[in-house]
Amino acid sequence: MKNIFLDTNVIIDVLANRQPFSESSSKLFDYAEKGKINLFISALSYSNIYYIIRKTCTHKEMLSLLKDLEALTETLDVTKQVILKSLSGDFKDFEDAIQYNTALANKNIKVIVTRNVKDYKNSELTILTPDEALSIIESTGS
């Protein structure tokens, strides 16, 4: 489980220090910083993160946070194919559909980490909470 796609809610938990969720999610970033795992996010996540967290800090602070995020993650493009698949899928939340199809389009990704596991009920990929992902990473020494 070297390559992990992060749902936006996990990233916001870390950047906004949303308790009690931020602790587990932050550990994923620690493992990425140590080179034990690779974190991937959708390009869509940046605007969502900015919009949500911007209420608590300045534009300049937000850009600094997003630059730090970019340095620790690999950003995956949201393509026309991703949008078409998302439009024709059965997700109740369109943003989740885009996240899922972005991850699915990258053949190196087998896992999505999210707090909203139920939103990905028909996934071809493994869906884990941050705690579940940490448990696997720590038990395998990845």
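This report describes the fold of one protein chain and then turns to several of its residues.

**Basis of the description**

The structure is a predicted model, in which local features need pLDDT of at least 70, side-chain atom pairs count only at pLDDT 80 or more, and totals for chains, interfaces and linings use all residues. Residues are numbered from 1 along each chain as its sequence is written, and side-chain values use heavy atoms, with hydrogens and water left out.

The term pLDDT denotes the predictor's confidence in each residue, from 0 to 100. The chain has an average pLDDT of 93, and 99% of the residues score at least 70. Among the elements, strand β2 (residues 38-42) has the highest mean pLDDT, 98, while helix α7 (residues 130-140) has the lowest, 92.

**Overall fold**

Seven helices and five strands form the secondary structure of the chain. Helices (H or I, at least four residues) and strands (E, at least two) are DSSP runs, numbered from the N terminus. Read from the N terminus, the order of elements is β-α-α-β-α-α-β-α-α-β-β-α. The radius of gyration is 14 Å, close to the 14 Å that the globule rule gives for 142 residues, so the chain is as compact as a globular protein of that length. This radius is taken over C-alpha atoms, and the globule rule is 2.2 Å times the number of residues to the power 0.38. The C-alpha trace spans about 40 × 35 × 25 Å along its principal axes.

Of the 142 residues, 41% are buried. Here buried means under 20% relative accessible area, exposed means over 50%, and partly exposed lies in between (1.4 Å probe, protein chains only). A contact means heavy atoms within 4.5 Å. Among contacts with a separation of 6 or more, 62% join residues 24 or more positions apart.

The accessible surface of the chain comes to about 7900 Å², and carbon and sulfur atoms account for 52% of this area. Accessible areas come from the Shrake-Rupley method with a 1.4 Å probe; for residues, only the protein chains shown count as cover. The chain carries 17 positive and 19 negative side chains, and the centres of the two sets lie 2 Å apart. Lys and Arg count as positive and Asp and Glu as negative, whereas His and the chain ends are not counted. The place of a charge is taken as NZ of Lys, CZ of Arg, CG of Asp or CD of Glu.

Helix α1 (residues 8-15) is mostly covered, with six of its eight residues buried. The buried residues of α1 are T8, N9, V10, I11, I12 and D13.

The loop between α1 and α2 contains N17. The phi angle of N17 is near 50°, a positive value in a residue other than glycine. N17 counts as partly exposed because its relative accessibility is 48%. P20 also belongs to the loop between α1 and α2 (22-33). The peptide bond from Q19 to P20 is cis, with omega near 5°.

**Residues elsewhere in the chain**

| Residue | Relative accessibility | Class |
|---|---|---|
| S45 | 0% | buried |
| Y120 | 3% | buried |
| T126 | 42% | partly exposed |
| Y51 | 57% | exposed |

S45 lies in helix α3 (residues 43-53). Beyond its neighbours within four places in sequence, S45 is in contact with T8 and Q99. Helix α3 also holds Y51. Between Y51 and I112 there are 61 residues of separation in sequence and 22 Å in space, C-alpha to C-alpha.

Y120 sits in the loop between β4 (111-113) and β5. Which residues does Y120 touch, not counting residues up to four places away in sequence? They are D7, F91, D96, Q99, Y100, I112, T114 and I127. Y120 and A97 are 23 residues apart in sequence, with 8.5 Å between their C-alpha atoms.

T126 is part of strand β5 (residues 126-128). Leaving out residues up to four places away in sequence, T126 touches K110, V111 and I112. T126 and N48 are 78 residues apart in sequence and 23 Å apart in space, C-alpha to C-alpha.
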